[in-house]
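Subject: Structure handover and findings

Dear colleague,

Please find below the structure that I am handing over to you. The findings follow directly after it.

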Amino acid sequence: IATVKKINEICNRMGMVFIYRPHPGDDRELLKKNLPNIQFTDIGEKLEEIFRKADILISFQSTSLIEAAMRQKMSLQLMNYPIESDNFEKLGVCNKTMETFDELEDYLAEIIGASSLDKFKLNFNNDYVETRYNPGKRFLEIIKEIENKK
């Protein structure tokens, strides 16, 4: 709750719209009660719809960050918890990993102030998740390779 409030505060200061998408297993009503000034995604809104609407996604450690990066969305990992976690930036599957709110705010300011977003473009690590192929077609190619080795 404190993290969501702080990110909202940063976005408000910068003139950015912040919309919170709770994890599907979270108690939305309890969260809304504790976060009365926070805008939430619609309850039935699918992740794919959020990717179409959002420009920047921020999370601690979520596959949604990786999925956003695969779609060339700006994905930012905020590792402000004392929990061991993979650094998605080092793995090449998100744009930036930060450990503090100050780092997050500075990076958002850098994005907003940029004349071009080209320098923020992620060269996604295809060794982490293969994105260069149509999955169905690639699956059939792999099956054929296996059959040919028999």
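A surface patch is built here from residues with over 30% relative accessible area and no salt bridge, like charges being joined within 9 Å and nonpolar side chains (Val, Leu, Ile, Met, Phe, Trp, Tyr) within 5 Å. Accessible areas were computed by the Shrake-Rupley method with a 1.4 Å probe, and for residues only the protein chains shown count as cover. A salt bridge is a side-chain nitrogen of Lys or Arg within 4 Å of a carboxyl oxygen of Asp or Glu.

Please note that this is a predicted model, in which local features need pLDDT of at least 70 and side-chain atom pairs count only at pLDDT 80 or more, while totals for chains, interfaces and linings use all residues. Residues are numbered from 1 along each chain as its sequence is written, and side-chain values use heavy atoms, with hydrogens and water left out.

Nonpolar patch

Phe139, Leu140, Ile142, Ile143 and Ile146 together make a nonpolar surface patch of about 460 Å². Leucine 140 belongs to helix H7, residues 135-149; helices (H or I, at least four residues) and strands (E, at least two) are DSSP runs, numbered from the N terminus. With a relative accessible area of 56%, leucine 140 is exposed. The classes used throughout are buried (under 20% relative accessible area), exposed (over 50%) and partly exposed (in between), again with a 1.4 Å probe and protein chains only.

Overall composition

The chain has seven helices and five strands, and from the N terminus on these elements run α-β-α-β-α-β-α-β-α-β-α-α. Along the principal axes, the C-alpha atoms fill a box of roughly 60 × 40 × 30 Å. Of the 150 residues in the chain, 34% are buried. The chain exposes about 10,100 Å², of which carbon and sulfur atoms supply 50%. Taking contacts (heavy atoms within 4.5 Å) between residues at least 6 apart in sequence, 38% join residues at least 24 apart.

Salt bridges

Seven salt bridges were found in a search of the whole structure. Lys6, Glu9, Arg13 and Glu105 are linked in a network of such bridges. Lysine 6 pairs with glutamate 9, their closest N and O atoms being 3.2 Å apart. Both residues lie in helix H1 (residues 2-14), three residues apart, about one turn of the helix. Glutamate 9 also meets arginine 13 in a salt bridge, at 3.0 Å from N to O, and these two residues of H1 are four residues apart, again about one turn. An α-helix has 3.6 residues a turn, so residues three or four places apart point the same way.

Arginine 13 in turn forms a salt bridge with glutamate 105, with the closest N and O atoms 2.7 Å apart. This pair links distant parts of the chain, since arginine 13 is in H1 and glutamate 105 is in helix H6 (residues 101-113), 92 residues apart. Lysine 6 counts as partly exposed at 27% relative accessibility, as do glutamate 9 at 38% and arginine 13 at 48%. Glutamate 105, by contrast, is buried, with a relative accessible area of 18%.

Strand E4 (residues 74-78) is mostly covered, with five of its five residues buried. Met74, Leu76 and Leu78 point one way from E4, while Ser75 and Gln77 point the other way. In a regular strand the side chains alternate between the two faces of the sheet.

Two strands are taken to pair if DSSP finds at least two bridges between them. E4 pairs with strand E3 (residues 56-59) in the parallel sense over four bridges, and methionine 74 in E4 is the bridge partner of isoleucine 56. From E3 the chain crosses through helix H4 (residues 63-70) to E4, and this β-α-β crossover is right-handed; that is, with the strands pointing away from the viewer, the path from the first strand over the helix to the second runs clockwise. E4 is also joined to strand E5 (residues 96-98) by three bridges, the two running parallel. There, methionine 98 in E5 is the bridge partner of leucine 78.

In H4, the residues Ser64, Leu65, Ile66, Ala68 and Ala69 are buried. The buried residues of H4 pack against helix H3 (47-53), E3, E4 and helix H5 (88-91). Glutamine 72 lies in the loop between H4 and E4. Its phi is near 60°, a positive value in a residue other than glycine. At 43% relative accessibility, glutamine 72 counts as partly exposed.

With kind regards
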